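Before the coordinates go into further work, here are some numbered remarks to read beside them. They begin with the sheet and its helices and then turn to the cores and a few single residues.

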Amino acid sequence: ETMKENVMAYLPETSSVIEDFLNREDLEGDSAGLATVLSGLAEKGSFTNNVPIAVTGAIDGEGNVKEIGSMKAKILIAEKSGFSHIFIPEENAKEAREVKDIHQLNIEIIEVASVDRAVMEIEKLNT
């Protein structure tokens with residue numbers, strides 16, 4: 001419920017696709033918050049993205065990106081799935097860099113503290 005409330009607070013006008021996702025019975029945790037908000041903003045035309053980016057991070061109602069768990073697994077899955085970049089919460093940066101170094105990963109880790117920062121990073125990657 002917390003992720004749903006925070007996504008809806010930040011992105012009050014959502015599409016049926018976003019609402020269907022937020023109302024799923026099997027939705028656990030809040031680490032899809034940032035990805036959900038970015039999907040909603042992209043759907044509205046707030047930005048265009050043509051770069052494969054994995055995204056993880058909880059958000060609060062103001063769009064601040066919050067720390068999440070299972071960072072190692074998420075980075076390894078993103079790398080294995082062929083993503084060139086992963087957005088992670090700034091609060092998880094140390095752990096993420098350690099995972100990248102230990103496992104000699106090629107994925108670029110981009111730390112973000114807010115939805116606005118994530119959008120800026122997406123725009124930079126697409127120029």
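1. A word on terms comes before the geometry: axes are lines fitted to C-alpha atoms, for helices over the stretch in contact, and angles run from 0 to 180 degrees between N-to-C directions. With that in hand, and bearing in mind that this is a predicted model, helix α4 (residues 71–80) can be described as lying across β1, β4 and β5, with a direction at about 165 degrees to β4. Helix α5 (residues 93–102) also packs on the sheet, where it touches β4 and β5, and its direction makes about 180 degrees with that of β5.

2. The sheet itself is open and has 3 strands, in the order β1-β4-β5, with parallel pairing. Its edge strands are β1 (53–55) and β5 (108–112), each of which pairs on one side only, and the twist from one strand to the next averages 25 degrees.

3. The pairing can be followed residue by residue. Between β1 and β4 there are 3 bridges in the parallel sense, and isoleucine 53 has histidine 85 in β4 as its bridge partner. Strand β4 (residues 85–89) and β5 are paired, again in the parallel sense, over 5 bridges; here isoleucine 88 is opposite glutamate 111 in β5, and proline 89 is opposite valine 112 in β5.

4. How many of the residues of β4 are buried? The count is 5 of the 5, so β4 is largely enclosed by the rest of the structure. The side chains are divided between two directions, with His85, Phe87 and Pro89 pointing one way from β4 and Ile86 and Ile88 pointing the other way, and all are buried.

5. The largest nonpolar core has 21 residues, of which Leu34, Leu38, Leu41, Ile59, Phe87 and Val115 touch the most other members. At least two residues of this core come from each of α1 (2–10), α2 (16–22), α3 (33–43), β5 and α6. Another core lies apart from it and has 13 residues, including Ile75, Ile86, Val99 and Ile107.

6. When residues up to four places away in sequence are not counted, phenylalanine 87 touches Leu38, Ile53, Ala54, Val55, Thr56, Ile110, Ala118, Glu121, Ile122 and Leu125.

7. An α-helix has 3.6 residues a turn, so residues three or four places apart point the same way. In helix α6 (residues 115–125), the buried residues include Val115, Ala118, Val119, Glu121 and Ile122; they cover an arc of only 160 degrees around the axis, which puts them on the same side of α6. Asp116 and Lys124, on the other side of α6, are exposed.

8. In α1, Met3, Asn6 and Val7 are buried, and they cover an arc of only 100 degrees around the axis, which puts them on the same side of α1. The buried residues of α1 pack against α2, α3 and β2 (58–59). From threonine 2 to proline 52 the separation is 50 residues in sequence and 27 Å in space, C-alpha to C-alpha.

9. Serine 31 sits in the loop between α2 and α3, and its side chain is joined to that of lysine 74 by a polar contact of 3.0 Å. If its neighbours within four places in sequence are left aside, serine 31 is in contact with Thr56, Gly57, Ala58, Ile68 and Lys74.

10. Glutamate 98 belongs to helix α5 and is partly exposed, its relative accessible area being 40%. The C-alpha atoms of glutamate 98 and valine 55 are separated by 18 Å, the two residues being 43 residues apart along the chain.

Notes:
Residues are numbered from 1 along each chain as its sequence is written. This is a predicted model: local features need pLDDT of at least 70, side-chain atom pairs count only at pLDDT 80 or more; totals for chains, interfaces and linings use all residues. Side-chain values use heavy atoms; hydrogens and water are left out. Buried means under 20% relative accessible area, exposed over 50%, partly exposed in between (1.4 Å probe, protein chains only). Helices (H or I, at least four residues) and strands (E, at least two) are DSSP runs, numbered from the N terminus. The arc is that of the directions from the helix axis to the C-beta atoms. Two strands pair if DSSP finds at least two bridges between them. Contact means heavy atoms within 4.5 Å. A nonpolar core is a set of buried Ala, Val, Leu, Ile, Met, Phe, Trp, Tyr and Cys residues joined through side-chain atoms within 4.5 Å. A polar contact is a pair of N or O atoms within 3.5 Å; within protein, one must be able to donate a hydrogen and the other to accept it, and residues adjacent in sequence count only if both atoms are side-chain atoms.
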